[in-house]
Amino acid sequence: MADTKPIRIKSISEFHRLRGLSKPKHPLISIVTKDDFLGLPNPSAMNAMFDFYFIALKRITGVKYRYGQLHYDFEDGGALFFMAPNQVLNIEINEKENPGDPSGWLLLIHPDFIWNTPLAKTIKQYDFFDYTVNEALLLSEKEEITLNGIIENIRQEHNANIDKFSKRIIISHIEALLNYSERFYNRQFITREKANHQLLDRLEKLLTGYFKSDDLISEGLPTVQYVAEKLNVSPSYLGSLLRTLTGQNTQQHIHDKLVERAKERISTTDLSMSEIAYELGFEHLQSFSKFFKAKTNISPLKFRQSFN
């Protein structure tokens with residue numbers, strides 16, 4: 001499918017209409033299951049930006065998703081992914097392969113549904129809404145059963161007669177879904193040990209090479225965005241992974257590598273502190289000295305003197 005400008009889908013009702021689904025029971029929240037797709041033609045390609053939260057557990061063969069610049073093909077079981085408003089999802093259909101029967105579910109939540117509730121603020125704290133699609137949560141059978149149970153609770157409450165408790169109960173189930181997802185992502189960071197440690201090795205090599213090159217002088221300190229792009233992961237995913245495995249975020253890793261390089265230059269060369277500061281991308285010696293002392297509790301000069 002050729003890249004085209006994404007269409008903007010402003011409402012859940014509009015999404016239902018475009019996908020050939022019946023009108024949603026509630027304009028601000030909807031659960032779409034495989035039963036809703038029965039009798040509909042095979043899913044068509046889509047390149048869209050949504051004005052609502054999009055949470056999907058998908059199992060469809062022959063369908064490829066792209067979120068950001070990366071592709072993911074859900075061939076190996078249930079995979080859960082999350083999108084916040086204003087993010088683009090691209091769905092491609094392999095015309096040479098007949099897509100299998102859809103399974104899983106979609107949970108669509110308009111921000112107005114959670115407006116003026118605690119979830120309106122806390123939902124922004126779930127980093128996985130900023131992960132790319134190839135960083136989807138791969139669920140175990142037990143984990144999938146847990147999340148399916150929560151979705152069924154939301155569906156039953158959603159289909160019941162609306163009363164003053166309905167919204168509060170549905171939001172509590174959404175919070176449970178997000179909290180379990182965060183727990184399962186933490187499990188994924190830990191259990192995918194080989195892939196994750198390979199990523200840590202690549203991060204170490206990337207930062208080592210950068211700090212030994214002229215890029216530090218010409219470009220300054222590498223940004224979190226730069227590092228994530230070089231590692232082919234999203235900044236949020238990289239930060240979450242590093243915090244889980246090392247207790248430090250990406251920025252802290254960058255700073256630690258800078259301190260390591262600074263110590264090396266201070267202890268093994270006769271360069272002045274101003275020259276070292278310049279090498280490390282600092283315009284002013286004072287800024288370098290302040291940074292070094294904040295990270296080591298000792299000034300660069302005293303650190304050098306400790307070797308004499």
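Which hand does the crossing of H5 and H6 have, left or right? In this predicted model, the crossing of the two helices is left-handed. A pair of packed helices is described by the angle between their axes and the distance between those axes. Here, helix H5 (residues 141-159) and helix H6 (residues 166-191) pack at an angle of about 165 degrees, and their axes are 9 Å apart. Angles over 145 degrees count as roughly antiparallel, and H5 and H6 are therefore roughly antiparallel to each other. On the H5 side, the residues making the contact include Leu 147, Ile 150, Ile 151 and Ile 154, along with Glu 143 and His 158. H6 contributes, among others, Ile 169, Ile 170, Ile 174, Leu 177, Tyr 180 and Phe 184, as well as Arg 187. Sorted by class, the contact of H5 with H6 comprises eleven nonpolar, six polar and three charged residues.

The protein contains 14 helices and ten strands, and 44% of its 308 residues count as buried. Among contacts with a separation of 6 or more, 74% are accounted for by residues 24 or more positions apart.

The nonpolar interior comes next. In soluble globular proteins, nonpolar side chains tend to be buried together. The largest nonpolar core in this model has 63 residues, and those with the most contacts inside it are Ile 55, Leu 107, Phe 129 and Leu 178. A second, separate core has 17 residues, including Phe 15, Phe 50, Leu 108 and Ala 136.

Turning to the loops, Trp 115 is found between helix H3 (111-114) and helix H4 (118-122). The cut-off for an exposed residue is over 50% relative accessible area; Trp 115 is exposed because its value is 61%. Apart from neighbours within four places in sequence, Trp 115 is in contact with Ala 120 and Lys 167. Asn 116 is also in the loop between H3 and H4, and it counts as exposed at 63% relative accessibility.

Most residues other than glycine have a negative phi. Asn 116, although not a glycine, has a positive phi of about 65 degrees. Asn 232 likewise has a positive phi, near 65 degrees, and sits in the loop between helix H9 (224-231) and helix H10 (235-246). With a relative accessible area of 46%, Asn 232 is partly exposed.

Note on methods
Residues are numbered from 1 along each chain as its sequence is written. This is a predicted model: local features need pLDDT of at least 70, side-chain atom pairs count only at pLDDT 80 or more; totals for chains, interfaces and linings use all residues. Side-chain values use heavy atoms; hydrogens and water are left out. Axes are lines fitted to C-alpha atoms, for helices over the stretch in contact, and angles run from 0 to 180 degrees between N-to-C directions. Helices (H or I, at least four residues) and strands (E, at least two) are DSSP runs, numbered from the N terminus. Angles under 35 degrees count as roughly parallel, over 145 as roughly antiparallel, 65 to 115 as roughly perpendicular and the rest as oblique. A crossing is left-handed if the near helix is turned anticlockwise from the far one by less than a right angle, and right-handed if clockwise. Contact means heavy atoms within 4.5 Å. Ala, Val, Leu, Ile, Met, Phe, Trp, Tyr, Cys and Pro count as nonpolar, Asp, Glu, Lys and Arg as charged, and the others, Gly among them, as polar. A nonpolar core is a set of buried Ala, Val, Leu, Ile, Met, Phe, Trp, Tyr and Cys residues joined through side-chain atoms within 4.5 Å. Buried means under 20% relative accessible area, exposed over 50%, partly exposed in between (1.4 Å probe, protein chains only).
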